[in-house]
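User: I'd like to walk through this model with you, strand by strand. Could you take my questions as they come?

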Amino acid sequence: MILPSTLPRIALLLLFAVPASGGERPAATPVELPAPETAARLERCLETSGFVVIRRETPGAEIRIDAMRGAEERGLLVSPRSPLGSVVEWGPNAGDVHAPGTPDDLRACIDRGGAPSEVLAGEKFVACLRAIREGREIRFSGLLIGAEGTVISTAHDLDRVEAVSVRLRDGRIVPGRIGKKDPLRDLTRIDLAEPVPGFPLDGRVRDRLLPDEKVFSLGCAAGGAMRMREGRVAGEPRKSGGMPLWEVRMETIPGSSGGPAFDAGGKLAGLVKGRFRGTKDQGYLIPVGTILEFLGKGKRGNR
């Protein structure tokens with residue numbers, strides 16, 4: 001069994017273990033993150049795997065990362081391609097930046113390299129959800145809680161939906177039924193057909209967050225691939241429809257609605273509600289207090 005906390009290390013080992021085919025320079029890998037954030041994630045991923053990392057910024061705003069572990073020496077070059085995008089390059093020739101591997105290995109390292117192990121420990125509780133409404137497929141995310149096979153998620157887009165297909169992290173697909181739905185709070189409880197261990201809420205929640213505090217979301221992208229996104233709390237909660245929401249500066253990808261957001265210590269900080277229309281990086285979280293009220297547990301946690 002592969003523990004979630006080992007995944008960044010495995011991804012990085014793959015990145016450095018698979019030879020580049022034919023000795024030719026692979027195509028540059030585009031990343032939908034600013035160059036400094038991309039470099040920071042690669043640095044953390046490298047350091048997690050025991051490399052000593054040296055970062056240098058060039059006059060052309062490129063960032064070169066040299067990493068050493070014993071006799072191994074690797075390098076990556078991160079270049080800005082827009083204010084919100086970057087490119088990662090490597091090559092096989094002496095003097096070039098080089099890191100044998102594949103773009104998928106690199107992507108896994110970037111996606112997971114930015115999160116503390118306490119956050120990645122919550123990945124096994126994330127469920128990928130699929131429902132059909134009026135002939136249209138809906139894909140979203142949820143969080144397993146408790147021990148009886150319960151998933152909490154968002155309620156929007158679930159009008160006239162009673163059954164949900166739930167893909168667990170071990171690959172199993174379990175049928176679920178809508179047990180409770182609250183359109184005002186935008187929350188739904190999905191009851192599974194069998195008991196499945198979930199995230200323990202007692203003592204591991206945060207109802208109050210701090211401005212500029214770092215948070216991490218986990219959700220299912222198209223095709224069921226897990227995606228982690230890092231962001232920061234924008235300020236005090238805002239009201240929408242009379243309900244409080246945390247605004248976060250964080251990319252909110254399609255399919256991530258209902259997925260959990262954790263603080264840096266792995267405590268639940270909320271559920272992803274969605275993003276402000278027309279933007280990509282202005283997201284909203286449903287606070288833990290609202291979730292506990294919906295579940296009939298009152299407000300608890302570190303307030």
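User: To start, which strand does Val 52 lie in?

Analyst: Val 52 lies in strand E2, where strands, like helices, are DSSP runs numbered from the N terminus (E, at least two residues, for strands; H or I, at least four, for helices). Please keep in mind that this is a predicted model, in which local features need pLDDT of at least 70 and side-chain atom pairs count only at pLDDT 80 or more, while totals for chains, interfaces and linings use all residues. Residues are numbered from 1 along each chain as its sequence is written, and side-chain values use heavy atoms, with hydrogens and water left out.

User: Is Val 52 buried or exposed?

Analyst: Val 52 counts as exposed because its relative accessibility is 53%; the cut-offs are under 20% relative accessible area for buried and over 50% for exposed, with partly exposed in between (1.4 Å probe, protein chains only).

User: What patch does Val 52 form, and with which residues?

Analyst: Together with Ile 54 and Met 68, Val 52 forms a nonpolar patch on the surface, and the three have about 240 Å² of accessible area together. Areas come from the Shrake-Rupley method with a 1.4 Å probe, and for residues only the protein chains shown count as cover. Patches are made of residues with over 30% relative accessible area and no salt bridge, joining nonpolar side chains (Val, Leu, Ile, Met, Phe, Trp, Tyr) within 5 Å and like charges within 9 Å; a salt bridge is a side-chain nitrogen of Lys or Arg within 4 Å of a carboxyl oxygen of Asp or Glu.

User: And which residue is the bridge partner of Val 52 in E3?

Analyst: That partner is Met 68. Strand E3 (residues 63–69) runs antiparallel to E2, and six bridges join them; two strands pair if DSSP finds at least two bridges between them.

User: What order do the strands of that open sheet have?

Analyst: The five strands have the order E1-E5-E4-E3-E2, with antiparallel pairing. Strands E1 (29–31) and E2 (52–57) stand at the edges with a single partner strand each, so one side of each is left without a neighbour in the sheet. On average, neighbouring strands of this sheet are turned by 25° against each other, direction ignored, using axes that are lines fitted to C-alpha atoms (for helices over the stretch in contact), with angles from 0 to 180 degrees between N-to-C directions.

User: How many residues sit between E3 and E4?

Analyst: E3 and E4 form a hairpin with two residues between them, and Gly 70 in the turn has a positive phi of about 65°. Seven bridges join E3 to strand E4 (residues 72–82), and among the paired residues Arg 64 has Leu 77 as its bridge partner in E4. Leu 77 also stands opposite Glu 89 in E5.

User: Changing topic, which strands close into the barrel?

Analyst: The barrel has six strands in the order E6-E7-E8-E11-E10-E9, with antiparallel pairing, and its neighbouring strands are turned by 40° against each other on average, direction ignored. Strands E6 (residues 126–133) and E9 (residues 163–167) pair over three bridges, with Arg 167 in E9 as the bridge partner of Cys 128.

User: What is Ala 127 in contact with, leaving aside neighbours within four places in sequence?

Analyst: Ala 127, which lies in strand E6, is in contact with Phe 140, Ser 141, Gly 142, Val 166, Arg 167 and Cys 220 when neighbours within four places in sequence are left aside; contact means heavy atoms within 4.5 Å. Ala 127 counts as buried because its relative accessibility is 0%.
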